[in-house]
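Biologist: Could you walk me through this model and tell me what stands behind each label? I would like to see the cut-offs as we go.

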Amino acid sequence: MSSKYKSQISTETETEAMKIARATQRPQQTKEHTKLITQGIEKGIAQYKKQQKMKNRESDKHRKQVIKTKQTPIETVVPVNHSKAHLIPWFLLGATWLAIALYTLTQNELF
């Protein structure tokens, strides 16, 4: 085992790896085999912890980004309607009233 790798693994991880390796030890297994299994387990635990740290970092970044977007005021843009289409309903309403007025005037003249 290299000294660089050894320094990255905590004693807690080493003891946990040793417990797991001894629990799965076969009767004919030598100490060297157990030691190799322990090192593999240590690497696996270290890699798992590293992945969890990365996931936590990413979720924390995402959480902070969500909070930041909620705090910034959203500028609402009201679209300006430059076309005359919004006048059509008012024109039709006026034409209807005019038609009703003309109808009632012509009906009153007949009676």
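Modeller: Happy to; here are the labels, one by one, with the values behind them.

Modeller: This is a predicted model, in which local features need pLDDT of at least 70 and side-chain atom pairs count only at pLDDT 80 or more, while totals for chains, interfaces and linings use all residues. Residues are numbered from 1 along each chain as its sequence is written, and side-chain values use heavy atoms, with hydrogens and water left out.

Biologist: What is the average pLDDT of the chain, and where is confidence lowest and highest?

Modeller: pLDDT is the predictor's confidence in each residue, from 0 to 100. The chain averages 81, and 81% of the residues score at least 70. Confidence is lowest in helix α1 (residues 3-8), with a mean of 52, and highest in helix α3 (residues 31-71), at 89. Where pLDDT is low, the predicted coordinates should not be read in detail.

Biologist: Why is K61 called exposed?

Modeller: Exposed means over 50% relative accessible area, buried under 20%, and partly exposed in between (1.4 Å probe, protein chains only). K61, in helix α3, has 53%, so K61 is exposed. In the chain of 111 residues, 12% are buried.

Biologist: What makes D60 and R63 a salt bridge?

Modeller: A salt bridge needs a side-chain nitrogen of Lys or Arg within 4 Å of a carboxyl oxygen of Asp or Glu. For D60 and R63 the N to O distance is 2.5 Å, so the pair qualifies. The two residues sit three apart in helix α3, about one turn of the helix.

Biologist: How do you know that D60 also forms a salt bridge with K64?

Modeller: Their closest N and O atoms are 3.5 Å apart, which is within 4 Å, so this pair counts too. D60 and K64 are four residues apart in helix α3, and therefore about one helical turn separates them.

Biologist: What makes the nonpolar surface patch?

Modeller: W90, L93, W97 and I100 make it, with about 500 Å². Patch residues have over 30% relative accessible area and no salt bridge; nonpolar side chains (Val, Leu, Ile, Met, Phe, Trp, Tyr) are joined within 5 Å, like charges within 9 Å. L93, in helix α4 (residues 88-110), is partly exposed at 33%, so L93 passes the 30% cut-off.

Terms used
Accessible areas come from the Shrake-Rupley method with a 1.4 Å probe; for residues, only the protein chains shown count as cover.
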